[in-house]
Amino acid sequence: EHVLNLLMGLGMPPTQPLALFERMLCTVRPGATLTPQDTENLVIMLVKHVHQFVQLQSQLSATHQQILRLAAKSKHAENPEYWNRLLSHLRLLSSQQLVYLTHQLARFSPSLASVAEPAPPALSTLASASRASSGNSSILQLSD
């Protein structure tokens, strides 16, 4: 839920990250599940997408940025099923990927980040841990 709060705080509508998850899920054969590599790719795509969103948002005035954030929150109040679907998709990620995603999102909105949280390991470290537990996974690095 912390990831959802960060996305909402940034003003990102739930339909954008939801579309990323659903596109990835459409590529999975019926009855199959996402591989660790698939979920790693999802995390990378989501972080890149949020980065682009934040860059575009930075070109808006402070008033327009606040309106965007309020609109995302009101859409959640009016139509929580999008956020609930996104939450169920986020549950497909490992706890390590969620921690990484939370910290990456918090970088884009430092005022929403918890001060006491430790720095996350690099995604390549997570991929190495994933590879050690699953046997094979390629490392995709996200540059800071």
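The predicted model contains 7 helices and 0 strands. From the N terminus on, the order of elements is α-α-α-α-α-α-α. Of the 144 residues in the protein, 39% are buried. The exposed surface comes to about 8,300 Å². Carbon and sulfur atoms supply 56% of that area. Among contacts between residues at least 6 apart in sequence, 74% join residues at least 24 apart.

The average pLDDT of the protein is 74, and 71% of the residues score at least 70. Among the elements, helix 6 has the highest mean pLDDT, at 90. Helix 7 has the lowest, at 46. Over residues 112-121 the pLDDT is below 50. Beyond near neighbours in sequence, that stretch still has 17 contacts in the model. Residues 124-144 also have a pLDDT below 50, and 32 contacts beyond near neighbours in sequence are found there in the model. Where pLDDT is low, the predicted coordinates should not be read in detail.

The largest nonpolar core has 29 residues. Leu7, Phe21, Val50, Leu86, Leu90, Leu101 and Leu105 have the most contacts inside this core. Two or more residues come from each of helix 1 (2-10), helix 2, helix 3 (36-57), helix 5 and helix 6 (95-108). Helix 3 gives the most, with 7 residues. In soluble globular proteins, nonpolar side chains tend to be buried together. Leu101 illustrates the packing in detail. Leaving aside residues up to four places away in sequence, Leu101 touches Val3, Val43, Leu46, Val47, Leu90 and Leu93.

Helix 1 is mostly covered, with 7 of its 9 residues buried. The buried set consists of Val3, Leu4, Leu6, Leu7, Met8, Gly9 and Leu10. Val3 is among the contacts of Leu101, and Leu7 is one of the residues with the most contacts inside the core. Gly11 follows helix 1 and has a positive phi, near 90°. Ser109 and Gly9 are 100 residues apart in sequence, but their C-alpha atoms are 7.8 Å apart in space. Ser109 is placed in the loop between helix 6 and helix 7 (123-134). Ser109 counts as buried, at 9% relative accessibility.

Helix 2 includes Pro17. This proline has a relative accessible area of 1% and is therefore buried, the cut-off being 20%. Beyond its neighbours within four places in sequence, Pro17 is in contact with Leu7, Met12, Leu46 and Leu86. Leu7 and Leu86 are also among the residues with the most contacts inside the core. Pro17 and His49 are 32 residues apart in sequence, and 8.0 Å separates their C-alpha atoms.

Glu22 lies in helix 2 (residues 15-26) and Arg85 in helix 5 (residues 80-90), so the pair, 63 residues apart, links distant parts of the chain. Both partners are partly exposed: Glu22 has a relative accessible area of 27%, and Arg85 has one of 35%. Neither residue counts as buried, because each value is above the 20% cut-off.

His89 touches Leu18, Phe21, Glu22 and Leu25, not counting residues up to four places away in sequence. At 13% relative accessibility, His89 counts as buried. Phe21, one of its contacts, is also among the residues with the most contacts inside the core.

The side chain of Gln97 makes a polar contact with the side chain of Thr39, at 3.0 Å. A polar atom of the Gln97 side chain also lies 3.0 Å from the backbone nitrogen of Ser94.

Terms used
Residues are numbered from 1 along each chain as its sequence is written. This is a predicted model: local features need pLDDT of at least 70, side-chain atom pairs count only at pLDDT 80 or more; totals for chains, interfaces and linings use all residues. Side-chain values use heavy atoms; hydrogens and water are left out. Helices (H or I, at least four residues) and strands (E, at least two) are DSSP runs, numbered from the N terminus. Buried means under 20% relative accessible area, exposed over 50%, partly exposed in between (1.4 Å probe, protein chains only). A nonpolar core is a set of buried Ala, Val, Leu, Ile, Met, Phe, Trp, Tyr and Cys residues joined through side-chain atoms within 4.5 Å. Contact means heavy atoms within 4.5 Å. A polar contact is a pair of N or O atoms within 3.5 Å; within protein, one must be able to donate a hydrogen and the other to accept it, and residues adjacent in sequence count only if both atoms are side-chain atoms. Accessible areas come from the Shrake-Rupley method with a 1.4 Å probe; for residues, only the protein chains shown count as cover. pLDDT is the predictor's confidence in each residue, from 0 to 100.
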